[in-house]
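Hello,

Here is the structure I promised to pass on.

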Amino acid sequence: MPNSTPSNVTNDDIIIIENCSKSFGEVVALSDINLRIRRGEVCFIFGPSGGGKSTLLRCINHLETIDSGRIVVDGIQLTEAKETIDQVRAEVGMVFQLFHLFPHLKVLENITLAQRVVRGRSKEEATEVALALLDRVGIPEKADVFPNQLSGGQMQRVAIARALAMNPRIMLFDEPTSALDAEMIQEVLDVMLDLAREGITMVVVSHEMGFAKAAADRMVFLSEGKIVEIGITSELFNNPKEARTKEFLDQILT
Amino acid sequence: MAVTTEVERKRPGMLPWVGDLSRLPWWIVVVAIVGGAAIFAIVTNRHWEAAYEFTKTGIRFTIILSITSFAIALVIGLLAGLGQLSSNMVFRNLSMLYVQVIRGIPIIVQLYFVAFVITPVAINLLNDLGGNMRLLIPLAGLGGALSRIHIRDIDMLYRAIAALTIAYGAFEAEVFRAGIESIQRGQMEAARSLGMSHLQAMRYIILPQAIRVVLPPLGNDFISMLKDSSLASILAIRELTHVGQLHRARTFRSWESLGVVAILYLVLTLSLSFLVKRMERRLAFAK
């Protein structure tokens, strides 16, 4: 695939979401969502709380099941069949708001476990990968400590390393900095900016507009379960078409 | 440290004038005095000595009963605990049925039931099965063996172990279920999002954390099991309670017989609860 833009974005769609709806009982979380994300793209999803951002993200790796519609991830259609779900999850890394590190395992083991039991790598190989990733996220000295001895920012960086260790083609970020103290947000964003530059496909749910400006190719404004507006980052920032988008941006940027 | 002491002193207690003495573990002192008195009695008094010599033979069966039953109950409990949380409707309902029914029947009734209803019925079924298998040449040997099993061949000890296992399996199922449920949902999601199967996530992520949560209640249940093994005396198994009763019936020395029984149980349970406390402290991994 030729690189048509200065960034790593290509023309083939790595995630295809078609007519997706999802309700929790009476509450409609997603209604008739259509979204195509291209390989190498950084897609930034924002919007008011309860607007369905996290649900949409969680549907992509099937932590939630859609009620209707179709999701295709890297050519694999998500169905209820266990094999396809595991297949998709192996391609998709996920970073959670609350990190969800495994508290009974040391940092190194947090990163090596899935490599060994899912990817079948040897202990040596997995350790090598893990140490390289810890170096990359800037905390090589923390390999032998337990997660509870880390700061929030460090925990989130370990969580990112843990997801990257599986060599995912897509990384999903579910409000990765929302649970962090202000002074730790930047260290996590820096790691994410690095990733964005390397060309991995990223879908980021966040309120960090600075990150969007710096790294996102496109932005999606999601409200009340519907996509209100999708646009190229600079255009959406400077010239939102929808009144609701403008209103929300004004609120969040002041 | 000093600050704490100040606060402790100022707190008006029931006996303020006792001062620092109020913080001594007096209950241990009382236990020690009773224990010392018992040892003294056993060494110096021939009635107490006779009661002790006769009763101590029961310790062996009490321990065999408790350890065997509890070990098997742990396996059953884990399976039924996982079953209660299973998304498979059959497993879930079977586990629920087992736990709810068994927990609702007194253990003593279960002991009678297993010993005098389930065992004979099961043996009769095996006999019938063996009788039919004998007609098939390749299975004739096994069939013959099965058809020759007699109900009285099944020792009461095995029946008691089966009954206690079934009873405690239901308790431990609840312990395991609660332990697994206490682990944040995000742990499972994180494991699954890394591509682990449900089974792998359980094995590597959920259960290792749940074990730490359930060990203290399991330890306490083991102590309960040790005490409840006394119920097996109704099946004439020569465990502590039963031998104590035998001695009482033979000598009419109720005070000595039952006193020795109670003290021997206390020795076992107090040492166990000491071990459980130590285990709890060692496992308390910082969250």
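The expected span of a helix is 1.5 Å times one less than its number of residues. Helices here are DSSP runs of H or I with at least four residues, strands are runs of E with at least two, and both are numbered from the N terminus. With that in hand, helix 11 of chain B (residues 240-251) has 12 residues and reaches 16 Å from its first C-alpha to its last, close to the 16 Å expected.

Some ground rules: this is a predicted model, in which local features need pLDDT of at least 70 and side-chain atom pairs count only at pLDDT 80 or more, while totals for chains, interfaces and linings use all residues. Residues are numbered from 1 along each chain as its sequence is written, chains are lettered from A and ligands numbered from 1 in the order in which they are written, and side-chain values use heavy atoms, leaving out hydrogens and water.

Back to helix 11 of chain B. Its buried residues (under 20% relative accessible area, with a 1.4 Å probe and protein chains only) are Leu240(B), His242(B), Val243(B), Gly244(B) and His247(B). Their cover includes helix 3, helix 4 (58-85) and helix 12 of chain B. Just after helix 11 of chain B, Phe252(B) takes a positive phi of about 60°.

How do helix 11 and helix 12 of chain B pack, and at what angle? Their axes (lines fitted to C-alpha atoms over the stretch in contact, with angles from 0 to 180 degrees between N-to-C directions) are 8 Å apart, at an angle of about 165°. The two helices are therefore roughly antiparallel, a term for angles over 145 degrees. By class, their contact (heavy atoms within 4.5 Å) has 6 nonpolar, 7 polar and 1 charged residues. Here Ala, Val, Leu, Ile, Met, Phe, Trp, Tyr, Cys and Pro count as nonpolar, Asp, Glu, Lys and Arg as charged, and the others, Gly among them, as polar.

Helix 12 of chain B (residues 254-283) also meets helix 3 of chain B (residues 46-55), where the axes come within 9 Å and cross at roughly 50°. On the helix 3 side of chain B, the contact residues include Trp48(B) and Tyr52(B).

Finally, a spot in chain A: His62(A) lies in the loop between helix 1 (53-60) and strand 4 (68-73). His62(A) is buried, with a relative accessible area of 12%. Leaving aside residues up to four places away in sequence, His62(A) touches Leu78(A), Thr79(A), Glu80(A), Ile85(A) and Arg89(A).

Best wishes

Terms used. Buried < 20%, exposed > 50% of the residue type's maximum accessible area, 1.4 Å probe, protein only. Parallel < 35°, antiparallel > 145°, perpendicular 65-115°, else oblique.
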